[in-house]
Amino acid sequence: MDPDAVAKAFVEHYYSTFDANRAGLANLYQEGSMLTFEGQKIQGSQNIVAKLTSLPFQQCKHNITTVDCQPSGSGGMLVFVSGTLQLAGEQHALKFSQMFHLMPTPQGSFYVLNDIFSLWLSETDFPSMNHRFEPGQELPLLKPSVAPAQCPPPLDPNPRSIHLVNKPTSK
Amino acid sequence: MDPDAVAKAFVEHYYSTFDANRAGLANLYQEGSMLTFEGQKIQGSQNIVAKLTSLPFQQCKHNITTVDCQPSGSGGMLVFVSGTLQLAGEQHALKFSQVIFSMASASFPFSISRTSMFSYLIDLWLIYCCRC
C-alpha cells in the first residue's frame with residue numbers, strides 16, 4: 001500500500017479519535033511507547049492516555065494542514081504533521097506540529113512508538129526554551145504578535161522553490 | 001552520555017554548519033538518507049546537499065526555540081526541533097519545524113563534542129517544514 005496513503009489514513013484516524021474520544025487512543029500505543037508533550041516525557045500506553053485525557057479542555061478539533069512521511073527502516077514509518085487545534089470557547093486556534101514514529105503490528109496495522117507534540121507559540125512572547133504550555137492553560141498573550149497584513153506570504157505550495165521577494169543583494 | 005545532551009549538541013552542530021557552510025553537511029548524510037523538504041522528497045547525501053546548497057538565499061541564521069528527543073529502535077534517536085530561520089535581507093524570520101531521525105552506523109565517525117570526544121555516527125532522515 002502506498003506509504004503516503006497509509007500515513008494519511010493513520011493521521012485521519014488518530015485525530016478523529018482524539019477529537020471524539022481521547023480514551024480510544026489507548027490501542028494505538030503500547031508499553032514501550034513514548035510521548036513528549038510540550039517537553040514533558042511520558043512512557044507507556046496507560047500513562048500516555050492518562051495524560052491526554054487529563055488535558056484541561058473538554059472539546060477540541062484538529063485541522064490538519066500538512067502530512068509528510070518517510071519509511072524509517074524495518075517497516076516503520078515517520079509521520080510529520082502540522083495543523084491547528086481549535087478548543088471549544090477559544091477565539092484563536094493554536095498551531096501545532098506533531099511527529100509520530102509508527103511501527104507495524106503483527107496484525108498488519110501500526111502502533112505509535114514515538115510521539116512528540118509541540119505547540120507553535122510566538123517566539124517573541126515566549127523566547128525562552130523553557131516555556132512550554134498545555135492547550136487550555138491560560139496564556140497571558142494569546143494574540144498574534146504580527147498583524148496578518150504584515151505576515152510574510154506563505155511558502156509556495158509548489159515545493160520546487162521558495163518564493164522570496166526578489167531584491168538585489170549588495171555584498 | 002545523556003540523550004538530551006547528545007541531541008542538543010547535535011542540533012547546535014547541525015545548524016551552525018548549515019548557517020556557516022551548507023556543503024559541510026555532506027558527511028552527516030549517507031546514501032540511504034532521505035530528506036523531505038516542504039513536500040519534496042530527496043534521497044542520498046549528494047542529492048540532499050545539492051538541494052540544500054541550491055536554496056535561493058546566501059546567508060541565513062537558524063534560531064532554535066525547542067529541542068525534544070526520544071530514543072527509537074536499535075540505537076536510533078529522534079530529534080524534533082522548532083525555531084526560526086532568518087534570511088539575510090528579509091524583514092521577517094520564517095518559523096520552521098524539523099524532525100531528524102539519526103541512526104548509529106559504522107562508517108562515519110563524527111565528533112559532536114570537542115570536549116567529550118564522543119563519536120556519534122549518523123544517518124539522517126529529515127522532514128523540514130517551513131510554516132508562517
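Which residues have the most contacts inside the largest nonpolar core, and how many residues does this core have?

Guide: This is a predicted model, in which local features need pLDDT of at least 70 and side-chain atom pairs count only at pLDDT 80 or more, while totals for chains, interfaces and linings use all residues. Residues are numbered from 1 along each chain as its sequence is written, chains are lettered from A and ligands numbered from 1 in the order in which they are written, and side-chain values use heavy atoms, without hydrogens and water.

A nonpolar core is a set of buried Ala, Val, Leu, Ile, Met, Phe, Trp, Tyr and Cys residues joined through side-chain atoms within 4.5 Å; buried means under 20% relative accessible area with a 1.4 Å probe, protein chains only. The largest such core has 31 residues, and those with the most contacts inside it are A:Phe10, A:Tyr14, A:Phe18, A:Tyr29, A:Leu52, A:Val79 and A:Phe100. Among the elements of chain A that give two or more residues to this core are helix H1 (3-20), helix H2 (45-53) and strand S4 (76-87); helices are DSSP runs of H or I with at least four residues, strands runs of E with at least two, numbered from the N terminus. H1(A) supplies the largest share, 7 residues.

With contact taken as heavy atoms within 4.5 Å, and residues up to four places away in sequence not counted, A:Tyr29 touches A:Tyr14, A:Ser45, A:Ile48, A:Leu52, A:Val112 and A:Asp115. A second, separate core of 27 residues includes B:Leu28, B:Phe57, B:Val79 and B:Ile100. In chain B, buried residues make up 53% of the 132 residues, and the elements run α-β-β-α-β-β-β-β from the N terminus on.

Technical notes:
Buried means under 20% relative accessible area, exposed over 50%, partly exposed in between (1.4 Å probe, protein chains only).
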